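Colleague: I am new to this structure and would like to learn how to read a few of its features. Could we take them one at a time?

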Amino acid sequence: IEPHRINVKFQDKKLFSHSLSIPFKVLHISDLHIELKSPREEKLERLIEEISPDLILISGDILNLSYLNNTKSINYAIELLNKMIAPYGTFYVSGSPAVDRPEVLKKILPSTNLIRLDDSSKIISINDNYLNIVGITCTHDPKIDQKKYKDLISNNDSTINLLLYHSPDIAPHAAEENIALQLSGHTHGGQVRLPVFGAIFTGSLLGKRFESGRYELGGMTLYVSRGLGMEGLGAPRVRFNCQPELIVWELY
């Protein structure tokens with residue numbers, strides 16, 4: 001039951017120097033792990049339409065590991081991703097190398113409207129404010145990945161830097177840079193969470209330090225999404241005390 005109960009969480013953060021009449025709405029989606037069409041994906045479609053975001057950011061892991069070669073899953077992933085439409089675009093960074101494999105992405109991305117940020121950045125203008133979306137391809141080696149965004153970060157006072165990266169593992173280093181907000185996933189919140197203790201296992205190199213939710217690291221905010229799907233192969237298809245989630249950011 002719980003894997004199909006998508007929780008929508010609202011977060012807000014003051015970023016912009018020029019005031020906005022209404023907040024700029026960013027929808028963060030992570031760890032889709034699509035298998036085949038299910039009530040979860042059907043609800044996701046309805047929620048995206050209801051939320052009506054200005055910008056959509058996807059932090060990796062499109063297909064479930066057990067369905068990487070399933071033609072029906074690939075076709076449905078394309079169908080679903082093409083319904084993720086926002087006025088300022090839908091941006092994507094790849095997730096775990098074992099899941100978002102190059103040969104799989106080649107079957108999916110060209111048939112979608114996703115804008116892939118592959119160790120690259122894109123600046124968008126929002127009513128005289130500028131948001132620099134920095135997207136880093138995850139290798140799960142923080143020493144490699146934290147070097148990639150050095151030249152992509154804007155040091156212009158009028159530009160805000162947002163880091164989109166699959167895992168929270170580079171957050172301590174990113175917090176030392178001129179980055180206001182990092183959006184990540186990968187941990188699934190543990191999928192199974194015990195009262196008080198929280199996640200039993202996170203898959204993060206930093207263990208339980210950033211298992212899920214919002215963290216303030218100096219001047220940078222990190223949010224680690226519990227994601228939508230579940231692990232594949234031999235991992236149990238279960239969520240306990242860890243509902244899948246969408247994060248809606250209202251940026252001012």
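This is a predicted model: local features need pLDDT of at least 70, side-chain atom pairs count only at pLDDT 80 or more; totals for chains, interfaces and linings use all residues.

Colleague: Let us start with the cysteines. How many disulfides does the count come to?

Modeller: A disulfide is a covalent bond between the sulfur atoms of two cysteines. Here the count comes to 0 disulfides. Cys138 is in no disulfide, and the nearest cysteine sulfur, that of Cys242, is 19 Å away.

Colleague: Next, the aromatic rings. How many aromatic pairs does a search of the whole structure find?

Modeller: The search finds 3 aromatic pairs. One of them joins Phe210 and Tyr215, with ring centres 5.1 Å apart; their planes are at 80°, so this pair is edge-to-face. Another is Tyr223 with Trp249, also edge-to-face because the planes are at 90°, with centres 6.1 Å apart. Tyr223 belongs to strand 13 and Trp249 to strand 14, so this pair ties together parts 26 residues apart in sequence. Both Tyr223 and Trp249 are buried.

Colleague: Over which ring does the charged end of Lys208 sit?

Modeller: Over the ring of Phe197, 4.2 Å from its centre.

Colleague: Is Lys107 buried, exposed or partly exposed?

Modeller: Lys107 is partly exposed, at 46% relative accessible area. This lysine is found in helix 3, residues 102–108. Leaving aside neighbours within four places in sequence, Lys107 is in contact with Ile74 and Ile78.

Definitions and conventions:
Residues are numbered from 1 along each chain as its sequence is written. Side-chain values use heavy atoms; hydrogens and water are left out. A disulfide is a pair of cysteine sulfur atoms within 2.5 Å. Helices (H or I, at least four residues) and strands (E, at least two) are DSSP runs, numbered from the N terminus. Buried means under 20% relative accessible area, exposed over 50%, partly exposed in between (1.4 Å probe, protein chains only). Contact means heavy atoms within 4.5 Å. Rings of Phe, Tyr and Trp (its six-membered ring) pair if their centres lie within 6.5 Å; planes under 30 degrees apart count as stacked, over 60 as edge-to-face and the rest as tilted. A charge sits over a ring if NZ of Lys or CZ of Arg is within 6 Å of the ring centre and within 35 degrees of the ring normal.
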